[in-house]
Amino acid sequence: MIRDVELVVCPDVEAAAQAAAERLAEAARAGAAIALSGGSTPRRAFEIAAQLEPNWRRAAAWWGDERCVPPHDARSNYRLAREALLDRLARPPEVHRIRGELPAEEAAAAYEEELGDLRLDLALMGIGPDGHTASLFPNAPTLDERERRVVAAKPGLEPFVERVTLTLPALRASRVVLFLVTGAGKADAARRAFAEKPSKETPASLLRSDDGATVAIIDRAAARDLAN
């Protein structure tokens, strides 16, 4: 049984990227505050979103998490979004990047101050094979944080660099939590995140919008172990 998630199953990776891109473009047109994700999965969605809507002037780009590396580093979530999305736009959004070049605690404090009490309109999230989302890793102490909206985090997998991440309370406050999950390698994590009892062993299972919508766009390969 799917738990508190609108499941959108797409035939393949490209179709999933298209579906996610359409939601991103729609949010940009509406002038939304959008949290972007890192990792390899969203790249194609970013590219398509830039084609669908080249004017993001009214929107604001935030990030759900970042690796503590300079913005030009290949491991940087900001760099991914800049190359695949921001640099392709005719009119880019207001950009609020996590300053990964700073020490993790300092970067987290600065981003928390910048974020303030903003409620994100759309948080684009991924899921790792271990069930993590943003930089919230299985059984990590960050999962118990209830006061702060941004914290430093230890890496749970490669690349093994310090992280900065939005916390569950900050992400749950989003009007829409949008998961994008593709590939057979994510099938087990998707089952645990969307069809099993919430558990700290699968942080993505703990993330649902408090009073908005939670949507999972997923390709058939990743959805193989799910049943509505």
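In the predicted model, strand β7 is joined by 4 bridges to strand β8 (residues 163-166), and the two run antiparallel. Within this pairing, valine 151 has threonine 165 of β8 as its bridge partner. On the sheet packs helix α4 (residues 104-115), which touches both β7 and β8 and whose direction makes about 165° with that of β7.

The sheet itself is open and consists of 3 strands in the order β4-β8-β7, with antiparallel pairing. Because β4 (65-67) and β7 (150-153) each have a single partner strand, they stand at the edges, and one side of each is left without a neighbour in the sheet. On average, neighbouring strands are turned by 20° against each other, direction ignored.

A helix pair is formed by α1 (residues 13-29) and α2 (residues 43-52), whose axes come within 8 Å and cross at roughly 50°. The arrangement of α1 relative to α2 is therefore oblique. The crossing of these two helices, α1 and α2, is right-handed. On the α1 side, the contact is made by Glu14, Ala17, Gln18, Ala20, Ala21, Glu22, Leu24, Ala25 and Arg29, and on the α2 side by Arg44, Ala45, Phe46, Ile48, Ala49 and Leu52. Classified by type, the residues in the contact of α1 with α2 comprise 10 nonpolar, 1 polar and 4 charged.

Helix α6 (residues 187-194) is mostly covered, with 6 of its 8 residues buried. These buried residues are Ala187, Ala189, Ala190, Arg192, Ala193 and Phe194.

Key: Residues numbered from 1 in each chain as written. Predicted model: local features only at pLDDT ≥ 70, side-chain atom pairs only at ≥ 80, totals over all residues. Heavy atoms only, no water. Axes fitted to C-alpha atoms, helices over the stretch in contact; angles between N-to-C directions. Parallel < 35°, antiparallel > 145°, perpendicular 65-115°, else oblique. Left-handed = near helix turned anticlockwise from the far one by under 90°. Contact = heavy atoms within 4.5 Å. Nonpolar A, V, L, I, M, F, W, Y, C, P; charged D, E, K, R; others polar. Buried < 20%, exposed > 50% of the residue type's maximum accessible area, 1.4 Å probe, protein only. Pairing = 2+ DSSP bridges.
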